[in-house]
Amino acid sequence: MIHSAPHHLRGGFTLVELIVVIGLFVLISTFFLRGLQWVRHGASTNEKGMLLARFKNASVLLGRELSCAAAFLYPNRVTQESHPILVFKNAGNEVVAVFLAPSGLVMYNYNTDVVKPLFPLTTAFHARLIQENLIEYEVMFQKDQAKFSFRNRLTPLNSLP
Amino acid sequence: MASPSPSVRSAPRRTVGMALPIILVALLIVGLIMFAFTRSSQSELNLLDKLISAQKLIYLVRTGMGIAEAKLAKERWYGDTKPRDVIVPTLDDRDASLKIYVDDYVQVVARRYEKVYRMLDHVKVFVEARYRGNVMYGFGKFILSPEPVFDGKSTIGVTGARKTIKVAGEDKGVVAAEEAPTLRRIVGMKFLHEDEIYAAVPTFAGMDDVDSRRALGRFWAGDQIPYARMYGRNLTLSEKLWASSVEFPSSASGTIDVESCRATLQRLDVPPNALANLENVQSENVLKNTFVGETLKRFFLSTAWDVTRGRRDDELKKVEIYIPYPPIKCTNADVIAAIGKAFGAPHPIPVREGIDYISTFTYDLATRRGAAEQFLIQRGFGNSYPDVGPADFSDTLAQVKTANAYKFKWIATLVRTGEDPGTSIEKGDTLTAGRCMFLYNNIGNAIESNAAFTISVENVDIIPVSGPTPYYSDYYIREPGTPKNYPLFTVLNFFLKYLDDALVELPPNKSPGYTEPGDGYGNIVDPFVEGGDTYVVLF
């Protein structure tokens, strides 16, 4: 009897112990689920980072091409109105158009007939001539809830009469 | 005194033991959440920062080019002692740095004015921009026309001007170098990333290395022919895009198909016969001459030509091409008669203003053609450009034959009869044509006599020396009522420099006290061929 009493006591849980164990289980499960969410979020951030990096490359390419342009051809009037396409002569005097195609933002070289994809997730592209030799363009893109836009103003450096 | 039961002792220990791990685990997880959040925010900020940095690099290179152009327009600050220099401007942003390299290129052929000069052809400009560990390079070519003298700081060009100077106490007429209105601008700007520059010039050893910069200059010069080809090829399309109210069809969502963009451009791309086949033209001369001729058509006497087409067209209406110094033609009947005798009919052949050449071109309201466009048509280059060297083409365009020059001499035999009989000879050149014709018209007659003797003309020979020799006058381009007035050759030479690096070299280092080469240096050209000596008669 003396031995059976403690053995009987060890065989069960007190209410407090049960509550603690259940609490711990809930807590650990919550952390685990949160962890899974973080992994997913991390992947999404990584993807967003990749997109931003591509966006950066596209904007640099565009900025450099337009900086060294020989002329901005279209839009051809100084107005407040924006246009969905920008046509210019590049540093080699080739006619190049930048616009939002169904596949995303592209740069189309009319003389070589080569289409260069710039950024696939672009949602909008606008260009307008704000002074005689000053172009403004804006590129926007969206991924899930994240929205980015980039606006730039440039004069052509290699203009000819 | 009974000892406490084990259950009574262990209960408090178990409570403490469970709470601690919970708190530790909870703290760890909260920490992880905070770390992940911070990291994710920083990563996105870093990417945005990189985006901005990349744009800043482009602006830095542009700034470098602007600084170089502004400084060079003022002077070549290093020109007294060396043919190249580096500028490191101070920037407000400590993350940014700029290095601007300028290299003089001189013409291989020296030029003789009152002494022999080497001429500065152009200055190559290189920019190295760094921003937060990233680097971008820029290249440009500062061109000048007419060329300045290489020795010294000036970037004002010189041309030959007739002057009288004292030589050994005596006045002597010379053609001396004199500063002239100069066209200047950085052209052919290109930007490259670090990886691209190594792809372009595998031996690139950094901008500090002169040979690397020379190699880069050669690499970029290789684009000049495709550049000229595309300029002519796309002229009509560019003009129509500027002029028309074209619309590119877009969908409701604002997208444009590549096919519809191509079709829209193709509809506008119908070049006139002169420019239609430039894509297939193999002759570099034709491509270069087309570039020079077509830029001339659109030039309105300013290098600040970044204006809309409408304003450019208004400016072009003011341009005039003219001959400021027409030849003074001979109307002396005796001279005309003498040349007729010397050279035979139909000499002297006149070159008539308005028929054989036109002295002034202005904007034509009826055809809406600018002065230069009419000028080119009248000179025979309205439809195509010739396959001759562009320098020769520019020479041909810049001058026009305005007269024929003749030179003759005569000799007359006079016979004296009566007192002290004998034969004497009179002779002369063009300027004494009056005497010549007087004698010629009196062959066999006495021209002087008195009681003691008679002098009669036995024979007169009028001998052709040279002629008809074409005499050329220079065309100028100007905006009347303004100081804008340039020799046409200056303008053509300026546009040719977009394309031509021929016959230039990177000079060796100058040392203090550097002197120009003497007469023995290389080839020397005399830029001023005399139009006609005083004895030449123009018709």
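What follows is a short briefing, grouped by topic.

This is a predicted model, in which local features need pLDDT of at least 70, side-chain atom pairs count only at pLDDT 80 or more, and totals for chains, interfaces and linings use all residues. Residues are numbered from 1 along each chain as its sequence is written, while chains are lettered from A and ligands numbered from 1 in the order in which they are written. For the complex, the predictor gives an ipTM of 0.80 and a pTM of 0.82.

**The two chains at a glance**

- Chain A has 2 helices and 8 strands; here helices (H or I, at least four residues) and strands (E, at least two) are DSSP runs, numbered from the N terminus.
- Read from the N terminus, the elements of chain A follow the order α-α-β-β-β-β-β-β-β-β.
- Of the 161 residues in chain A, 36% are buried. A residue is buried if 20 or more other C-beta atoms lie within 10 Å of its own, exposed if 12 or fewer, and partly exposed in between, with C-beta atoms placed from the backbone.
- Chain B has 14 helices and 20 strands, and 32% of its 539 residues count as buried.
- Two residues are in contact if their C-beta atoms, placed from the backbone, lie within 7 Å. Among contacts with a separation of 6 or more, residues 24 or more positions apart account for 39% in chain A and 71% in chain B.

**Confidence along chain B**

- The mean pLDDT of chain B is 85, and 88% of its residues reach 70 or more; pLDDT is the predictor's confidence in each residue, from 0 to 100.
- Residues 1-8 of chain B have pLDDT below 50, and this stretch has 2 contacts in the model beyond near neighbours in sequence.
- Residues 511-535 of chain B also have pLDDT under 50, and there the model has 37 contacts beyond four places in sequence.

**Where the chains meet**

- In the interface, 53 residues of chain A are in contact with 50 residues of chain B.
- On the side of chain A that touches chain B, at least two residues come from each of helix 2 (15-67), strand 1, strand 2, strand 3 and strand 4 (104-109) of chain A.
- Helix 2 of chain A gives the largest share of that side, 17 residues.
- By class, the side of chain A that touches chain B has 33 nonpolar, 14 polar and 6 charged residues. Ala, Val, Leu, Ile, Met, Phe, Trp, Tyr, Cys and Pro count as nonpolar, Asp, Glu, Lys and Arg as charged, and the others, Gly among them, as polar.

- Strand 2 (residues 85-89) of chain A is largely enclosed by the rest of the structure, because 5 of its 5 residues are buried.
- In a regular strand, the side chains alternate between the two faces of the sheet.
- From strand 2 of chain A, A:Ile85, A:Val87 and A:Lys89 point one way, and A:Leu86 and A:Phe88 the other way.
- Strand 2 of chain A pairs with strand 1 (residues 71-74) of chain A in the antiparallel sense over 3 bridges; two strands pair if DSSP finds at least two bridges between them. In this pairing, A:Lys89 is the bridge partner of A:Ala71.
- Strand 2 and strand 3 (residues 95-101) of chain A pair in the antiparallel sense over 5 bridges, and A:Ala97 is the bridge partner of A:Val87.
- The hairpin of strand 2 and strand 3 of chain A has 5 residues between the strands, and A:Asn93 takes a positive phi near 70° there.

**Helix 8 of chain B**

- Helix 8 (residues 284-297) of chain B is largely enclosed by the rest of the structure, since 11 of its 14 residues are buried. Among them are B:Leu287, B:Phe291 and B:Glu294.
- The buried residues of helix 8 of chain B pack against helix 4 (224-233), helix 5 (235-243), helix 11 (371-378), helix 12 (390-398) and helix 14 (488-496) of chain B.

**Domains of chain B**

- The domain assignment, which is automatic or from a database, gives domain 1 (14-208 + 516-533) and domain 2 (317-493) of chain B.
- The centres of domain 1 and domain 2 of chain B, taken over C-alpha atoms, are 51 Å apart.
- Between these domains, 6 residues of domain 1 of chain B are in contact with 7 residues of domain 2 of chain B.
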